[in-house]
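Open the model in your viewer and keep the selection tool ready.

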Amino acid sequence: MILIFGGAYQGKLEYALSTYKLVEKDVYHCDMESMVINFDKKIIADLEKFVLACVKEGINAKECLEDNLEKLQGKIIIFDDISQGVVPIYKTERAWREMTGRCMTYLGQQADEVIRVFCGIGNKVK
Amino acid sequence: MNIFISGGCKNGKSMYAQKLAKEMADARGRALYYIATMIPTDEEDHKRIEKHIDDRCGWGFKTLEQGINICDLLKTNIDPQGAFLLDSVTALLSNEMFKSDGTCNLDAGRKVAAELSAFAKGTGNTVFVSDYIYSDAGIFDTYTEKYRESLAYVDRQLAQVCDQVIEVAYGHTYYYTFAN
């Protein structure tokens, strides 16, 4: 499993596609309205949106990922790092921010490789 | 050398950028320019500008005021071989995107990216300072989101034309290079 993270619009998906020679049809984009993840795709992008969908439904996203760890093997997982701004006013956003951090920490531990993308430049941190 | 610097707010980017620009000017024995991008609109802005002028006092910067159309500077009587400090890309994009007459140019990101890339090529000795505003856990209004997306676009384009890409985090500096 490879985990790629970084701030919004840093070119994380472009980096993954070009580095691993993949195309858009290999990508599943998570949706903030749905807790579905298509494990058939090689890249699972915007996982923070899956976390938000879970938070809205009162489901523990980290436990979902733990339960599906086997299916995540061999995947490239892309996350927006949303941990560095002001503490959000709204409860849902606060819960989302915290749970995203927990999920990223967990997947970072499980991943064989962790890459942070800054300004389109990938930097291996694990 | 063109240098791109980004990082969080109040992390020491400006001071670090000033140092780099001054070193470039000194090494080449050329003029040292500060490009002031902020267009003041109220008393608070004027005070902020005064503070920045005080911070730069004694460094030998010549201040060039250019809040929009950055490449117009290249047509003026400046030494393009001098060292330039452009602080900040963030303010420049804001001026280009949100006009004083209340209109908004949603395509400003492309304009600013193209113009700053041309400015980098035209001078070869510019330090660009931007702001890393991409790790918030907020769901923003359309205009704010468009602004973040546009600034990130400008940052990424500039990173490609600059010789050095540096992140400043609490006084620490990280250097990045493209794999190829």
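Select Asp80(A). It is buried, with a relative accessible area of 17%. Buried here means under 20% relative accessible area; exposed means over 50%, and partly exposed lies in between, with a 1.4 Å probe and protein chains only. This is a predicted model, in which local features need pLDDT of at least 70, side-chain atom pairs count only at pLDDT 80 or more, and totals for chains, interfaces and linings use all residues. Residues are numbered from 1 along each chain as its sequence is written, chains are lettered from A and ligands numbered from 1 in the order in which they are written, and side-chain values use heavy atoms, without hydrogens and water.

What links Asp80(A) and Lys12(A)? A salt bridge does, with the closest N and O atoms 2.8 Å apart. The pair ties together parts that are 68 residues apart in sequence, because Asp80(A) lies in strand S4 (residues 76-80) of chain A and Lys12(A) in helix H1 (residues 12-19) of chain A. Lys12(A) is buried too, at 7% relative accessible area.

A salt bridge is a side-chain nitrogen of Lys or Arg within 4 Å of a carboxyl oxygen of Asp or Glu. Helices (H or I, at least four residues) and strands (E, at least two) are DSSP runs, numbered from the N terminus. Side chains of opposite charge can pair when their charged atoms come close. By the salt-bridge rule, the count over all chains is 18.

Next, pick Lys62(A) and Glu66(A). Their closest N and O atoms are 3.1 Å apart, in a salt bridge. Both sit in helix H3 (residues 61-67) of chain A, four residues apart, about one turn of the helix. Lys62(A) is partly exposed at 26% relative accessibility. Glu66(A) is partly exposed at 33%.

Switch to chain B. Select Lys22(B) and Asp26(B), whose side chains meet in a salt bridge at 3.2 Å, N to O. Helix H1 (residues 13-28) of chain B holds both, four residues apart. Lys22(B) is partly exposed, at 26% relative accessible area.

Now select four residues together: Glu96(B), Lys99(B), Lys111(B) and Glu115(B). A network of salt bridges links them.

Last stop: His52(B). UniProt lists this residue for "active site", in an unreviewed entry. UniProt positions are given in the numbering used here, with shortened feature names, and annotations may be inferred rather than shown by experiment. His52(B) lies in helix H2 (residues 43-56) of chain B. Is His52(B) buried or partly exposed? At 33% relative accessibility, His52(B) counts as partly exposed.
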